[in-house]
Structure formats: C-alpha cells, structure tokens
Amino acid sequence: MDTEHIRNFSIIAHIDHGKSTLADRLIELTGTVKKRDMEAQILDTMDLERERGITIKEQSARLMYKYKDGDVYELNLIDTPGHVDFNYEVSRSLSACEGAILIVDATQGVQAQTLANVYLALDNNLEIIPVINKIDLPSADPERVKKEVEDIIGLDMSDAIEVSAKTGFGVDKVLERIVEQIPAPEDKSKEPLQCLIFDSIFDSYQGAIAYVRVVSGSVRPGMDIRMMASGKVYKVTEVGYFSPLPKADTELPCGSVGFICASIKNVHDCEVGDTITTAENGATEALPGYRKALPMVFCGLYPIDSKDYDQLKDALEKLSLNDAALEFEPETSTALGFGFRCGFLGLLHMDVVQERLEREYHLKLITTAPSVIYKVYRTDGEVVMVDNPSALPPQNNIEHIEEPIAKVDILVPSDMVGAVMELAQNRRGEFITMTYLDTTRVTLTYRIPLSEIIFDFFDKLKSSTRGYASLDYQLDGYQDTDAVKLDILLNGDLVDALSVIVHRSNAASRGRSLARKLKDIIPRQQFEVPIQAAIGSKIVARETVKAYRKDVLAKCYGGDVSRKKKLLEKQKEGKKRMKQVGSIEIPQEAFMAVLQNDE
Amino acid sequence: MLSPESLSVIMDTLHQCFSIDRQAEITMEMNPCDITADYLSAVKGMGINRVSAGVQTNNDTLLSFLGRRHTASEAAAAIRRAYRAGIHNISLDLMYELPGQTVKDFEKSLLWAVHLPVNHMSVYSLIIEEGTRFGQLMRKGLLQRPNELESWQMYQAMCRILPHYGLERYEISSFARKGYRSRHNMKYWRLDDYLGLGPAACSRIGHMRFEDVPGIRQYIRALLSGKLPPEEKTELSIYEEIEEYCFMHLRMREGFSRKAFEERYGNPLETYYKDTVEVLKRQKLLREDEGMIHMTPHGAAIGNYVFEQFLLT
C-alpha cells in the first residue's frame, strides 16, 4: 500500500466514554472481524482488562476500508491505555499517528482525561476528529457538550460527528472522515529505517515482539536491526500487522503500523519510545520522545507461604517479560520473610500486577502499603532514594528529606469546589489556580505530595463529589518535607512491613488512628496482643487486641464429623489470607490500613 | 415415642442379626415427659439399661422458650422414676449460652442436676444456625445472648462444679462418674467402627463412611419394596482419616497415644505433622505424658484452634 492510502489514528477519550466500543464498531464495519466472531470489546484481550473495562496493554488493528471513491484505504487503529497511570504509553501511541478521534460522552461532557488527552494529541500535532458518543441515551445533550468542547478546548465542533458506538449509528461517517481529514503519512520510504516502538508484548515462542510505526524506510524479515537506546542488534524473523490478530507479511512499508519479531529476549530490550533502525547505515538520530518508564509507586510483595518464594520470583520474571514498567528486586522483611520490592507506574498498575500474580499464577500474597520514593539527604552528604519506609536512615543521620509532588488537575462542578478544596487541603495540597471552564464547571489545580494521592485520593474525591469530579495528574518535581517514620509494634516486636513514612505534623494522630484501626483488623488470637505506634523511641499510641477465651465445638459425634470438619476448614481458609508474623496472624487489610488517613 | 411393641420388634431383630454382649450398653434417648413407669418397665425388660434425657435446664421460662414440653420438676421426677425403676445408668443433657440465661441460672441448673441420680452429663452451648427460628429472631435482634464474659463464666462453672460433684470431664462436653463414661460415644472419638441404622444414620466401617437417606418415607419405601435404603458412601483418604483421628481423639481428656497412632497409620505422627504438636505444646495448648498427647485446660477452651492445626489440607 502506498503511503497515500494509509491513515494512522488513535481514539482518545475519558475513561468510560466508549473508546473500546467505538473501536469494536470500526473493526466490525470494515469487516476486519466477522460479526459472529465479535466478542464484545475485542481489543481488550486480557481477562482483567475486560472485567475492569479498561485497556492496559495497547492493541492495534489494521482496517481495510473501501472509501466511496472506490479506493481501498489501510486504516491503522492504535488503541491507547485508558488510565492516567499509563500516560507515557498514551503519548507514544499518539506520536505513532497522524490523527486522533476524540470521543466525548454526550451525557457527561468534557472530563479531566478528555482535556489531558487532547493536550497530548495537540502536542503530537495530530489532526483531531471530534465525535460525540452515546447520543442514543435519553440524557444525551450533544449541543451542550459541543459548546462545552468549543468553550473549553477551543476545537471547532461544527462538524463533530454524532454517534452511538453501542448501536452503530454514525460510525460509517467516522470512517469517511478518517480518510478525508487525517493526513496520509509522509512518504519517507527512501530514507534510512526508523520505527517507533509504541508497545511490546512477550510471546513464549517469538520472544519480545515490538509494535511499531514505520516512520521512514521499510522493514523486512532477514534485516539486521538496532535498538537505538540500547544499541542492541537483532535479526528480523517476522513482520506483520494486526487484523486484529497478528498476521505475517513480507514487508512493513513506510507509514504503516505492525509488529516486528527479532528473537528479542524480553520487553526490556524493546522499550516503548525507542527507535528501531537498521544495524548498518541506519538513521543517525532516534525519534524524539523516548524516556525510560519510571516506576513511581513501590510496595513489597511477599508470599503468604514462604515456600512460594521461588514461584513468585518466576511469576514476576514472566510478567516483567511483558511489562517493561514493572521493576522488582529481592527484599527481606523481618516480619514477612523473603519477598520483592516492586515498582509500578501507579496504583492501578500495582493492582493489576498483584491480581495477575494471584489469578494467573495462583499465588497468595501480602502486599505492603505502597510508598513513593523519598530523596533523603544524609548528614554525611550522601543522597539516598528510599522507596521502603524500613530503609529510612535513623533520624539523626538525616539532614533533610524531599518527597515527590504531583500537579493535580481536578475538574468538578462549581458547587462542589468546597468539598474538593477541603480534601486537597487535608492532603497537604498547595493551591495553584482555579479556572471556570463555563458557568457550571471548574478546574482546580493543586500541587499535592504524591504520597497523599497514591492510595485512596481518587476514591475519596469521587465520594466527596458524588462521582462528578475527574482527575488527571503528573509528576512535578521534588520538594522539602518534614517526614518521619511511624513504626508499629505488635506484641512488643517491631513489624517492619507496617512502618510508614508520614509528615511530622500529623504523625502522632496517624499513629493513634492506625493503632485503633489495627485493633479492629487484627483478629483476636489465643493470647492478648498489644499494639503500639512509635515515632523513633517515643510510643505515641497503644491499644490491645483481647484474647479470645473460649472457642470450641461443644457437640461432635459420628454423624457430625464431616460437618464439623467443614467448619474447621472454613476457619482455616479464613486465615489463609493472613500472614503469620511471629505468633500473630495479620490479615492483608492491616498492611493497607497504614495508608488510610480518613480521620 | 416408639411403642413398646415396636421397640420390641427392633430389639428382637437386632438379636437375630447380631450376637450382643451381655454387658452391652444399650441406651435409649428419651424426653422427660415420656419416662413413665409403665414404659420404663417395658423397655427395661427388653435389655435397655441406660437412659439419656434431654433435660436442658431447670429454668421453666427457658424451657418453654426452647419449646420443651416438660417443666423442671417434671424432669426431676422422671429421672427419679427411671432410677427407681432400676435403670441406674442415667445421663442428662444440659445447655448453656441460652438467650436470656444468666450465669447464675446456669450454675443453678448444674447444682440442680448433680443432685439428681445421674452418673453422666452432656453439656452443650446453644448454637444458633441461620435459617432456624432462632436464627431469624437473632437476625432481627430479638435474642439477647450471654456476652463473651458470661459465656466464659458459664464454661468455667461447668468445668468447676461438675467435677466437684464427682462427674469427671472426660471429653469436651461430657462428664461421668467413675465407670460410667458413654461407651457408645467413645467409639466416635476413637474412630472405631460403628454401625448406624435408620434414616439419616451414619456408620463408619474401615475407611468408609455411610450415611443413610435422611427422609423417613423414602427409607420405609425402600425397605417395603425389599431393597436397602439408599445411602451415601464416602471413602476417606488416609489424610482425611488422620485429621479426624487427631481432632476426635483430642476431644477426650486422655487424648491419644503416639504409639497407637503409629501402629494404625504405619508412620510416626511427625510424618504428617512436622512440628504441630511441639508448637502446640510450647503454646501450652497440648501436653504429652508418657506418650499420651492431650489438651491442656486452656487448649480445651479454645479447642477449635487446636483442632484446626491438625487439618492437613
């Protein structure tokens, strides 16, 4: 296909505005997948993605579309992850395109991620086709939403397409407009090879497979290629495209989108954002925009049964083959034994990895509370990055500490501004600006310590605004903080996995509320368990979990045995989610409770 | 209540099918109301030598709440009647943790019961199950059950008072005078073979467990058509049996002997339970005396925790 007949595009939207549904309709309408083979939302392939209704791994599809002039066009759809955690991946996917379809929900209008995504698309000079979705809903108000988009974003909405991705109404117009409005890729077929990696997956037979956009030159099996960031060289074994299942082809020409297999050992060797060129006489410059995926949130993962350590290690290795952003290294905890410190892009990423470990690898895990990376300036002049509270140097060796700050944009109806401000202030937020988007809606911008938003900020925001607020955030440097380590002692022993770094101003009250919470969470054992919270050598709180005194089945004869045994088994099963620390059974919630500061 | 004639048919059939030890313990479960002089003399003649009566409490308010037909004084009279009729091996059931029952109430029940001519007692705490009448009342918050401290005091009262009057606690909920432990019940706890007959009856023979169909109509229909009533058969795996062996034996004060375990299963206890016994001993929940492993009083109070440690899966 000559570049004149290629169109590369993404679909961008706020979460739940119908991105995957529209993608499905496009695939269906172009006959790429026969209707009877359509599974709802075929682009979200992981079970988890389908269950949560979000896209984590990007997928692509080549749609062959016969335009009304009779010509056949190759439309390459590049799906983007729909969550703020994966912002960098979104930006790489967008830079692989010339255009983007912007979906706005006709009932909800502009949301925080609508804005964030539009700005990303504009940064990448994409042609934007606005689409108003869900116009079949009774509460749809396309005129209001169009006006809103014009007012807020400044896009011309006079030719916005009204569709219902669910029923298929208007979707044919979307296809036409892709051909008409999105520019064809530049023909640079004579120039040295440059492929932008916008995603990669791991296949147990082929190794890591790079999903690429060929920006210049072309790529064929047999060619020697070089990863420009790592400098590593590979021989291409196969190229092809997605329909949406991968199909091998003889060549990926300039302008097109597809995959490259080259016996690459793992996804870390084919990083998103990197440029592929030829080993000999390659491009001299990489495509702009590459950066290493940096984890922002860290937590400890420990097998409940220490026998499972090797299995956990295997599983993490396997997952990281397919997840360049996942980092892990062995760590030991006196309380939890051997485990791993793992780094994630964000909370959702962490959740997804944890759930996959449990679901796909049948591991029972304890996750310690997520932590951000603190920059600790020691009195001896050294600077250490601390992502684990128990690794914080002793107080007198610390000169000062810096913590990561996020710039948070919150879009909220104007009558709920008060609730959001209160929440942001409780989380040590620093107010930056407030902008009225129109008469009813406001964008609030705050700088909030990342540690204050990684855990339940989004939930709290949603509940304090009855679900109306939407949020987008990005990292905005480090800032001095007066942080201290809060320790928890159970039965007189320090449980390192329960330690947490908190701000001094509320350390004592956090300690008291945490001790109270743990008292409710830690089940009563056959002996009394004192809970203490300590800052340095000072005990700031004490609670006691009382022992239970009597628990025994009174009646048990022949006929009862199996039923009584089931009761015992149920009792035992309940403890399987708990970790034995010393002689105390600690449930998973205890490790998470340290982050909830909803007093 | 089965008529003496029907009972006689059952006893005759049993004697035709089995050879029965002359000293056999033959118990009949009876409601206090049914213990009449005539009935007693009839059943005694058939060889029944032990009566077990569901007395529950000596508090008439609680008795009517439980839906029992008898009063405390009727129950006492019935027990004395049985004793006078020559049945000297009498057991009664008591309950605690009843809604509205105070610790004092229960202590009174215990003292009242030990002054009756009985040599065996089974004392149970009331378990309220979902779906029962009590379960519904409980959910609606209409039942006031004793709190944790009160339950604990009742339990302690039971452990203290009964032995003081010569009824030794030989199992979690069973108390007997010397020589009057229930031979029948001990078979369950020792994992001996036993045969149960009748609707819903359970049997254990070797590694097999049988459970007869629970519906009495279905049971009778099968017999009338000349067939055996349907039964559910389960073969116990070695592990399932070992679990049961341990936690059933541990219900008894004597516990079980390492040697007997090893003889029965061919391997020492540690093959199946690495350090379980040692850990429980350290926690002072188990004790071992001359090869007999048994629960300490503290262990018995939180027996479910101890039993759980013996589950293998």
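Tutor: We will go from the whole chain to a recorded site and then to one strand. This is a predicted model, in which local features need pLDDT of at least 70 and side-chain atom pairs count only at pLDDT 80 or more, while totals for chains, interfaces and linings use all residues. Residues are numbered from 1 along each chain as its sequence is written, chains are lettered from A and ligands numbered from 1 in the order in which they are written, and side-chain values use heavy atoms, with hydrogens and water left out.

Student: How many helices and strands does chain A have?

Tutor: Helices (H or I, at least four residues) and strands (E, at least two) are DSSP runs, numbered from the N terminus. Chain A has 14 helices and 31 strands.

Student: What share of the residues in chain A is buried?

Tutor: Buried means under 20% relative accessible area, exposed means over 50%, and partly exposed is in between (1.4 Å probe, protein chains only). Of the 599 residues in chain A, 59% are buried.

Student: Which residues does UniProt list for "binding site"?

Tutor: Such annotations may be inferred rather than shown by experiment. The unreviewed UniProt entry lists ten positions under that name, among them D16(A), S20(A) and D136(A).

Student: Is D16(A) buried or exposed, and what about S20(A)?

Tutor: D16(A) lies in the loop between β1 (6–13) and α1 (19–29) of chain A. D16(A) counts as exposed because its relative accessibility is 56%. S20(A) is part of helix α1, and with a relative accessible area of 10% S20(A) is buried.

Student: Why is strand β23 of chain A described as largely enclosed?

Tutor: Strand β23 covers residues 441–449, and nine of its nine residues are buried, so the rest of the structure largely encloses it.

Student: Which residues lie on each side of β23(A)?

Tutor: In a regular strand the side chains alternate between the two faces of the sheet. In β23(A), one side has R441(A), T443(A), T445(A), R447(A) and P449(A), the other has V442(A), L444(A), Y446(A) and I448(A), and all of these are buried.

Student: Which strands does β23(A) pair with?

Tutor: Two strands pair if DSSP finds at least two bridges between them. Strand β21 (residues 398–413) runs antiparallel to β23(A) and is joined to it by nine bridges; V412(A) has V442(A) as its bridge partner. Strand β22 (residues 430–436) is also antiparallel to β23(A), with six bridges, and T435(A) stands opposite T443(A). A hairpin of four residues links β22(A) to β23(A).
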